Amino acid sequence: MATIGLSKPYYAIYKAVGNTVTYSNGGVLGKFTELSLTLNDADANILYANNAPAESESAFTGGQVAISTDDLLPEVGSQVLGTRKEAVSGITGLTTKDAAWYIDDDDSNAPYIGVGGILKKKINGQYKYVALILNKVQLSTPGDQAVTQGEPVNWQTSTLNGTVMRSDAEKHPWRRKSSLLDTEADAELLIRSFLNIPDDVPSPPAPEDEEADA
């Protein structure tokens, strides 16, 4: 079995009261291009007895995630990075409706979020799908990098780096993966249900070849 694809980057705002965790105000980060999860090395805590290892204990100590999408729209960025939105007004000649600034300042504070995505697999000639959830993530404000347009076009994507933490829920889950699912729609349904994404939040569009592959 091999992973051959990645799609549907969902997020939702994380909130914990004691060990009760809820998600709200979710949406779509864009269209996935890459996901990279790196876990911190955890040194085993070993109990020695009779001059030899008798027990050992190692626990998840955190990790880092890099989420690359086709682009990060400013409105979404303000949700997941805590940037401040300020409406533009009083400028003669401005034709764009509802123009706004998104401002990084002293009040910028990225919230904790849950992040979900779908891994596309191929096993014995059949396509399968795995729903992936990172329970608690805090993203870092990215820098800006761009190159001028040339021939051919140099496609430039957005990458968000974040810290992966244990949830405050009982037993402190930090990641969950579904069993192999028959359709991408099933995987998306699990993610939207877990992150409490309302039905009126549009689903990311599927690639043109996805319907043919499914």
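Val 137 touches Val 65, Pro 111, Tyr 112, Ile 113, Val 115, Gly 162, Thr 163, Val 164 and Met 165, leaving aside residues up to four places away in sequence; a contact here means heavy atoms within 4.5 Å. This is a predicted model, where local features need pLDDT of at least 70, side-chain atom pairs count only at pLDDT 80 or more, and totals for chains, interfaces and linings use all residues. Residues are numbered from 1 along each chain as its sequence is written, and side-chain values use heavy atoms, with hydrogens and water left out.

Val 137 is also one of the residues with the most contacts inside the largest nonpolar core, which has 19 residues; Leu 29, Ile 67, Val 80, Ile 113, Leu 139 and Val 164 are on that list too. At least two residues of this core come from each of β1, β6 (63-69), α1, β9, β10 and β11. A nonpolar core is a set of buried Ala, Val, Leu, Ile, Met, Phe, Trp, Tyr and Cys residues joined through side-chain atoms within 4.5 Å. Buried means under 20% relative accessible area, exposed over 50%, and partly exposed in between (1.4 Å probe, protein chains only).

Tyr 129 sits in strand β10 and is buried, at a relative accessible area of 1%. Tyr 129 and Ser 178 are 49 residues apart in sequence, yet their C-alpha atoms are 8.5 Å apart in space.

## Helix α1

Helix α1 runs over residues 74-81, and its Val 76, Gly 77, Ser 78, Val 80 and Leu 81 are buried. Their cover includes β1 (2-17), β2 (20-28), β8 (100-103), β9 (112-123), β10 (126-139) and β11 (158-165). After α1 comes Gly 82, with a positive phi near 75 degrees.

Strands β1 and β2 pair in the antiparallel sense over seven bridges; pairing takes at least two DSSP bridges. Ala 16 stands opposite Val 21 in β2. Two residues lie between the strands of this hairpin, and Gly 18 has a positive phi near 65 degrees.

## The whole chain

Overall, the chain has three helices and twelve strands. These are DSSP runs numbered from the N terminus: helices are H or I with at least four residues, strands E with at least two. Of the 214 residues, 33% are buried. Among contacts between residues at least 6 apart in sequence, 69% join residues at least 24 apart.
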